[in-house]
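Here's a quick tour of the aromatic contacts in this model, with a few side stops along the way. Have the viewer open as you read.

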Amino acid sequence: MNSISGSGCSVEEKVIKFLEKVQSEFLGMWLENAIVNENDIFKDRVGHNGYEMYQLVKKSLLQTISDDELKELAYKVAKERVLSKSNIGEFVFNMNIGRSTLIKYVNKSGVSIQELQPIIDRINDHFDRYCFHAVTRYTELKDIEINEKMLFVNQSHKDRLSLLGQMSSSFVHEFRNPLTSVMGFMKLLKNEHPNLKYMDTIEHELDQLKFRITQFLHASRLDSGEKTHKEIQVDSLFSDIISFLYPSIVDGDVNVSTSIDPNCKIIAAKDEIKQVLVNIILNSIDALKQKNSMERNLWITSEKTEHTISFKITNNGPKIPEEIRETIFEPFYTTKSFGTGIGLYVCKSIIEKHHGTIFCESDQHQTSFVIRLPEKVE
């Protein structure tokens, strides 16, 4: 320890005696300048925590304080700050006020500046380590709190989705029964009166309605019976889809170009893969309708690479912003005024069930949905 000439005590001991003498004055001035929220449930402990910190500072001037000693107080204060829902910035501000106030008092101790410099350095180190431990612990506790809240929110969201799925599937099941009867009588009527006007249009709209109902049932997961997987010739599949969607293609004034590798075959549930492709093509047609001043083009390609079949459905409609591309496959997310938000969610679920991937690419010139499926799902 350093000694003061002509005295029997060290510099540190002299500073400590002075700090003990002005303790009440220091703590009063610090509290006067500190930020203490009236709604803080631990506001009565702020002064006591300052006193404990003050005692640790005095102790650190005579011997090195271990991190464990600092952590004990820092962790206690951090927990109080979390429970009081206070801003950690207030704590840091108060600590810096305490630091600067303490150094002002130390400078009044009668010790020379040269002899005080090591003591001031030790005080700064003490406060720096204390703040580090307190803020680190505060952040850890806040992260735990946020994760617990997110877990609760996610579980609540799942519960609501489950309830909504049960309600919608119940409604859709009830709706599908009369629809099946209508479609059956529609076919009988068409056979008896093949030249009756508008029959093709009505039949097409009923098929579209059936398709939407199938989406709802798939989203509710109640229509989850095992589907038969069989070999599908991809070019034949797209021919069926284009024929099925022909009225929508004509209505949207869309030019469709296809380039399908004749060797492309997959083993999958045909109805489910067809549902995915129909949905994406219909979405592309809707997107193209938003551009009135340009030619509306839709390109459909498929190619085989090793044991993978890739589908790419591209349109020259408006760009899908990046922030939207990250969420379009989530349930009930839609950018359409009257959309359900389940179409792409169902598509993603079906493709992943077939051990494939689906993603979206988009820029100022074109938007593509890319699907990759194994040739055979084991």
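Predicted model: local features only at pLDDT ≥ 70, side-chain atom pairs only at ≥ 80, totals over all residues.

Take Phe26 and Tyr105 to begin with. Their ring centres are 6.1 Å apart and the planes meet at 85°, so this is an edge-to-face pair. Phe26 belongs to helix 2 (residues 23–33) and Tyr105 to helix 5 (residues 88–106), so the contact ties together parts that are 79 residues apart in sequence. Both residues, Phe26 and Tyr105, are buried.

What about Phe91 and Tyr130: how far apart are the ring centres, and how do the planes sit? The centres are 6.0 Å apart and the planes are at 50°, so the pair is tilted. It also links distant parts of the chain, with Phe91 in helix 5 and Tyr130 in helix 6 (residues 113–192), 39 residues apart. Phe91 has 6% relative accessibility, so it counts as buried. Tyr130 is buried too, with a relative accessible area of 1%.

| Lysine | Ring | Distance to ring centre |
|---|---|---|
| Lys108 | Tyr105 | 5.1 Å |
| Lys274 | Phe244 | 5.6 Å |

For Lys108, the charged end is what sits over the Tyr105 ring, while Lys274 lies over the face of Phe244.

Is Asp125 buried, partly exposed or exposed? With a relative accessible area of 41%, Asp125 is partly exposed, because that class runs between 20% and 50%. Asp125 and Ser60 are 65 residues apart in sequence, yet their C-alpha atoms are 10.0 Å apart in space.

Last stop, helix 12 (residues 343–353). Its buried residues include Gly343, Leu344, Tyr345, Val346 and Cys347, along with Ile350 and Ile351. After helix 12 comes His355, which has a positive phi, near 60°.

Technical notes. Residues numbered from 1 in each chain as written. Heavy atoms only, no water. Phe/Tyr/Trp six-rings, centres within 6.5 Å; stacked < 30°, edge-to-face > 60°. Helix = DSSP H or I, 4+ residues; strand = E, 2+ residues; numbered from the N terminus. Buried < 20%, exposed > 50% of the residue type's maximum accessible area, 1.4 Å probe, protein only. Lys NZ or Arg CZ within 6 Å of the ring centre and 35° of its normal.
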